[in-house]
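Good morning, and thank you for making time for this presentation. Please turn to the sequence and the structure, which we shall go through together.

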Amino acid sequence: MNRAGKWLRRALVAGLGALVVAVGLLVWFGAWHYPAIGLAGIPKEGYRQAMDIAVRGMTRSDGLTFEDWDFMKFRQVERGGEAYAWGAARCRAADGATAFYWVYLEWSKKRGQWLRNYSLELAAPDDEIYFTRTFPGQFARARLALGKILGQLASHIREARAFAANPSGLQTPGL
Amino acid sequence: MKRLLSRENVVRALLLVALGGTLWKGFLKTPEGATLVRPQSFYNGLVNDGENTAIMKERHRDVLEATDKAVRVRLEELRAGAYKPAPGSVVSEQSLTRAVRKDQATRERAVDDEVRAFEKLERARRLEAAGWRMGLGCAPAGEAKP
């Protein structure tokens, strides 16, 4: 093999390695690290505290101010160890408009702690609920969906960074 | 004369044991085997599944009700001028009105799903209370009733 071919192969291997590491980091962050931030050590019955920590971090990183819970629910099974907590929070946007935020936590039997699950701002401006069959078009739809996914990732990273900088700052005093 | 305890015969015997174990495991996966041999774990699984499904369906209805509220509040604030969509946004009075109707249509289905999930859970509990076992023979046509 000549020199150019050898370098090309090395670059290819390095590129593939970087890609694998990037995907691994993404999976680690999204599936292992982010859902658990700040929730370790809270028992199943302490779901109010877990929901409080979760909602403050999520709404702050999305530029919203948490005001109060609209409702909150805790459900657990009688057979088996699954438990769930969910609720909607009333928040204030920077421009003064009202926003509702959906928070959903699941108890992890494997890790013995609460984990963040699918949570988002309800009826956000990029929500699919405003779409019709023909509007927006395919490309605009794809752009909005991609923007939503990347926006959520960026917001999760902001939340993780804020928590790393100030681990106790997300909790309501006295709770 | 061949020896009975040869290497090949040991392997054959181990293979037969493994095959028997596989068959037994498979039998335990069938409702017949599970209700006959391990009824308690069978019913624990059935009730646990029913409970988790019922909770999930309740949550799905809740998220749609919360969305309905969020859309209605947004519509009110848009009409009052407290909420102004960004230029080029898909949010408008029209799309918000449509979203209310869309959410209602999805919710009607979610309410049905929730009712069905609780019926399924109650059915699992009824079967357990009646000590129902799936027999090995052929049941008469129709659903088995406790």
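Predicted model: local features only at pLDDT ≥ 70, side-chain atom pairs only at ≥ 80, totals over all residues.

I begin with one residue, Arg59(B), which is found in helix H3 of chain B; helices (H or I, at least four residues) and strands (E, at least two) are DSSP runs, numbered from the N terminus. Residues are numbered from 1 along each chain as its sequence is written, chains are lettered from A and ligands numbered from 1 in the order in which they are written, and side-chain values use heavy atoms, with hydrogens and water left out.

Is Arg59(B) buried or exposed? Its relative accessibility is 10%, so Arg59(B) counts as buried; buried means under 20% relative accessible area, exposed over 50%, and partly exposed in between (1.4 Å probe, protein chains only). Leaving aside neighbours within four places in sequence, Arg59(B) is in contact (heavy atoms within 4.5 Å) with Tyr84(A), Trp86(A), Trp102(A) and Tyr104(A). With Tyr104(A), the side chain of Arg59(B) makes a polar contact of 3.1 Å. A polar contact is a pair of N or O atoms within 3.5 Å; within protein, one must be able to donate a hydrogen and the other to accept it, and residues adjacent in sequence count only if both atoms are side-chain atoms.

Let us now consider the interface as a whole. Chain B contributes 34 residues to the contact and chain A contributes 35. Between them the two chains bury about 2800 Å², 56% of it on carbon and sulfur atoms; buried area is the accessible area (1.4 Å probe) that two parts lose on being put together, summed over both. Which three residues supply more than any others of the area that chain B buries against chain A? They are Arg59(B), Arg74(B) and Val90(B), with 21%.

Across this interface there are 21 residue pairs in polar contact, both at pLDDT 80 or more. On the side of chain B that touches chain A, helix H3 (39-80) and helix H4 (93-129) are the elements that give two or more residues, and H3(B) gives the most, with 21 residues.

The interface of chain B and chain A also holds seven salt bridges, a salt bridge being a side-chain nitrogen of Lys or Arg within 4 Å of a carboxyl oxygen of Asp or Glu. Glu58(B) takes part in a salt bridge with Lys73(A) (2.8 Å, N to O) and in another with Arg75(A) (2.8 Å, N to O). Arg75(A) lies in strand S1 (residues 65-76) of chain A and Glu58(B) in helix H3 of chain B, so this pair joins two chains. Glu58(B) is buried, at 7% relative accessibility, whereas Arg75(A) is partly exposed at 29%.

Within chain B, Asp68(B) forms a salt bridge with Arg72(B), the closest N and O atoms being 3.1 Å apart. Why are these two separated by about one helical turn? Because Asp68(B) and Arg72(B) are four residues apart in helix H3 of chain B.

Finally, chain B itself has four helices and zero strands. The C-alpha atoms of chain B fill a box of roughly 100 × 40 × 25 Å, taken along the principal axes, and 32% of its 146 residues count as buried.
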